[in-house]
Amino acid sequence: MLFLLMLALSFSIPSVCSNTYKVVCYHGNWAAYRSGDGKFSISNIDPYLCTHIVYAFVGLNSNFTINILDPWQGVDLAGFTNFNNLRTKNSKLKTLIAIGGWNEGSERYSAMVSSASNRKTFIQSAINFIQKYDFNGFDLDWEYPSQRGGGSADIANFVSLLREMRTEFNIYGYLLSAAVAAPASSVDTSYNVPALSTYLDFINVMTYDLHGPWDSVTGQNAPLYPASSDVTAFQKSLNVDACISGWIERGASPSKIVMGVATYGRSYTLQNSGNTNIGAPTTGGGAAGKYSGESGYLGYNEICEYVNAGWTVVWDDQQKVPYAYKGNQWIGYDNPKSIAIKVAYAKARGLGGVMVWSLETDDFNGKCGSVNPILNQIKTSFN
Ligand SMILES: *[C@@H]1O[C@H](CO)[C@@H](O)[C@H](O)[C@H]1NC(C)=O
């Protein structure tokens, strides 16, 4: 009888737990310095759209302690505290602090993991930081082990760091995650995948920036599938599906994989405004957006305004993402339709959920329609 009851209970688990997918949302605190409708503060975060929110970024001091990169926002204006206080609205919400990011480079992280005593200093500093500001966990965004000035020993040393962090974090019940490179060539250079899957609570795979203005031709930022024009093995590796398969084939547990989706696109200036196809020659990045101010990059909140103002939108059915153009300006991006397809894909592959880079470029002011269309689509698609 008890056995039958337990059997019944175990069979009921999938339906009971149908809402256990993770939606891990990054917040780049520098968006507080944007102007007008682009300015994004902690108070703009809807605490019900994500299961985990991640504050980006802190850095690493040369003595391997945590470096608060922006003490004005984080401490003086109480950004860390306000971020963590979002849990008073949604008690299920988890908060993490992310260290690293592209601008931090790789060399200091390589030095930190290279000795047991450096790692110990770092781990103690991380724990002190988490305790002081009351986060739930820590997210490692080292871009990337054994790349950009790191050495080949980084792969093994990173595993040592993760093993030691896991041991210490278990004492406190802290979450430990990492944001990792997506394409197979980069994964093979940087990671011992089975070890990452063992020691991390979840793995944020950065399945975006797969094409961008650093290429000399137009391409999709985060295509789900390859284009017919992708012929070489390398070209065929630069899509979300290939990246996720690569992580699983190398030994990542699918349930630990949190698949990156982008609330932004990569923009280009066309060489010839008569050729707007995928693979069209470009002269460089597209014009900077009025909020984000960076050539080659536009937030969805900027893209949707262009679309509403009459840019031509094309649905790329091979890659399952849209692109848009006007004159010599071209952008490959994600919209609620492509996001819905990606969430369905993440579910079909048994992944842990999706990660969103980043909160401050969804249409959080509802300038183009309803508020936070990308984040709301994710929530709807997981329900
Ligand atoms: C590490 O370096 C930082 C920044 O220079 C400094 O504020 C801190 O006191 C140092 N910590 C130790 C333990 O030396």
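## Nonpolar cores

Contact here means that heavy atoms lie within 4.5 Å. In this predicted model, Leu-140 touches Ile-99, Phe-122, Phe-158, Leu-161, Leu-162, Met-165, Leu-176, Ser-177, Ala-178 and Ala-179, leaving aside residues up to four places away in sequence. Leu-140 belongs to the largest nonpolar core, which holds 107 residues. Together with Phe-122, Phe-138, Met-165, Tyr-191, Trp-247 and Ile-378, Leu-140 is among the members that touch the most others in that core. Another core, of five residues, lies apart from it and includes Tyr-268, Leu-270, Ala-280 and Tyr-323.

## Aromatic pairs

The count of aromatic pairs comes to 27. One of them joins Tyr-26 and Trp-357 in a tilted arrangement, with 5.2 Å from centre to centre and 45° between the planes. Tyr-26 belongs to strand S1 (residues 22-28) and Trp-357 to strand S15 (residues 353-357), so the pair links distant parts of the chain, 331 residues apart. Both Tyr-26 and Trp-357 are buried.

The pair of Tyr-55 and Phe-83 is edge-to-face, because the ring planes stand at 90°, with the centres 5.3 Å apart. This pair ties together parts 28 residues apart in sequence, because Tyr-55 lies in strand S2 (residues 52-60) and Phe-83 in helix H3 (residues 79-84). Tyr-55 counts as buried at 2% relative accessibility, and Phe-83 counts as buried at 0%. Tyr-55 and Phe-83 also belong to one aromatic cluster with Phe-80, Phe-129, Tyr-133 and Phe-135.

## Ligand surroundings

Asn-61, Asn-63 and Thr-65 are the residues around the ligand. A polar side-chain atom of Asn-63 lies 2.3 Å from a ligand oxygen atom. On its own the ligand has 370 Å² of accessible area, of which the protein covers 26%.

Notes
Residues are numbered from 1 along each chain as its sequence is written. This is a predicted model: local features need pLDDT of at least 70, side-chain atom pairs count only at pLDDT 80 or more; totals for chains, interfaces and linings use all residues. Side-chain values use heavy atoms; hydrogens and water are left out. A residue is near a molecule or strand if one of its heavy atoms lies within 4 Å of it. A polar contact is a pair of N or O atoms within 3.5 Å; within protein, one must be able to donate a hydrogen and the other to accept it, and residues adjacent in sequence count only if both atoms are side-chain atoms. Accessible areas come from the Shrake-Rupley method with a 1.4 Å probe; for residues, only the protein chains shown count as cover. A nonpolar core is a set of buried Ala, Val, Leu, Ile, Met, Phe, Trp, Tyr and Cys residues joined through side-chain atoms within 4.5 Å. Buried means under 20% relative accessible area, exposed over 50%, partly exposed in between (1.4 Å probe, protein chains only). Rings of Phe, Tyr and Trp (its six-membered ring) pair if their centres lie within 6.5 Å; planes under 30 degrees apart count as stacked, over 60 as edge-to-face and the rest as tilted. Helices (H or I, at least four residues) and strands (E, at least two) are DSSP runs, numbered from the N terminus.
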